[in-house]
Amino acid sequence: MNSTKILYWIGTLLLTAIMCFSVYNYFFNYTAISGYFTHLGYPTYLVYPLAIAKILGLVAIWVNFSKTLKEWAYFGFFLNTSMAFAAHYITDNGGYLFAAIAFVGAALSYYFDKNQRP
């Protein structure tokens with residue numbers, strides 16, 4: 001296995017692990033998550049659709065239905081992790097480190113996926 005594939009899988013697994021943790025919290029720790037959303041001025045009805053979007057984004061990356069769909073999934077994760085970093089930083093709850101790691105994971109996965117394609 002060459003270094004490009006290794007870095008791709010490291011990034012993809014980091015992104016997947018953090019997004020799965022996030023989705024778990026969105027579904028099973030709704031009160032805490034909705035409190036963060038309310039504190040930042042976001043509507044709480046976005047919690048469940050955002051969790052579902054994260055699941056669908058991971059499916060698009062892992063299953064690789066189409067190149068365009070995968071690109072949009074990465075774009076969604078870049079937006080999500082950027083805004084999550086800002087939100088966690090503003091609320092000062094320490095979660096911004098996870099958001100930064102997820103952003104780096106998404107960047108690694110995207111960059112090295114692009115370099116693997118023919």
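Helix α4 supplies the largest share of the lining of the largest pocket, namely 10 residues; helices here are DSSP runs (H or I, at least four residues), numbered from the N terminus. The model is a predicted one, in which local features need pLDDT of at least 70 and side-chain atom pairs count only at pLDDT 80 or more, whereas totals for chains, interfaces and linings use all residues. Residues are numbered from 1 along each chain as its sequence is written, and side-chain values use heavy atoms, with hydrogens and water left out.

The volume of the largest pocket is about 870 Å³. A pocket is an open set of points, on a 1 Å grid over the protein atoms alone, where a 1.4 Å probe fits, with protein on both sides within 12 Å along at least five of seven lines; lining residues have an atom within 4 Å of a point. Of its 34 lining residues, Ser 22, Tyr 26, Lys 54, Ala 84 and His 88 are the closest to the centre of the largest pocket. Two or more lining residues come from each of α1 (3-28), α2 (30-40), α3 (47-63), α4 (67-91) and α5 (96-116).

Helix α2 also holds Ser 34. Is this residue, at 12% relative accessibility, buried or exposed? Ser 34 counts as buried, because buried means under 20% relative accessible area, exposed over 50% and partly exposed in between (1.4 Å probe, protein chains only). A polar atom of the Ser 34 side chain lies 3.0 Å from the backbone oxygen of Thr 31.

In the loop between α3 and α4 stands Asn 64. Although Asn 64 is not a glycine, its phi is positive, about 60 degrees. With a relative accessible area of 44%, Asn 64 is partly exposed.

Terms used
Grid points are joined across faces, edges and corners, and a volume is the space filled by probe spheres set on the points. A polar contact is a pair of N or O atoms within 3.5 Å; within protein, one must be able to donate a hydrogen and the other to accept it, and residues adjacent in sequence count only if both atoms are side-chain atoms.
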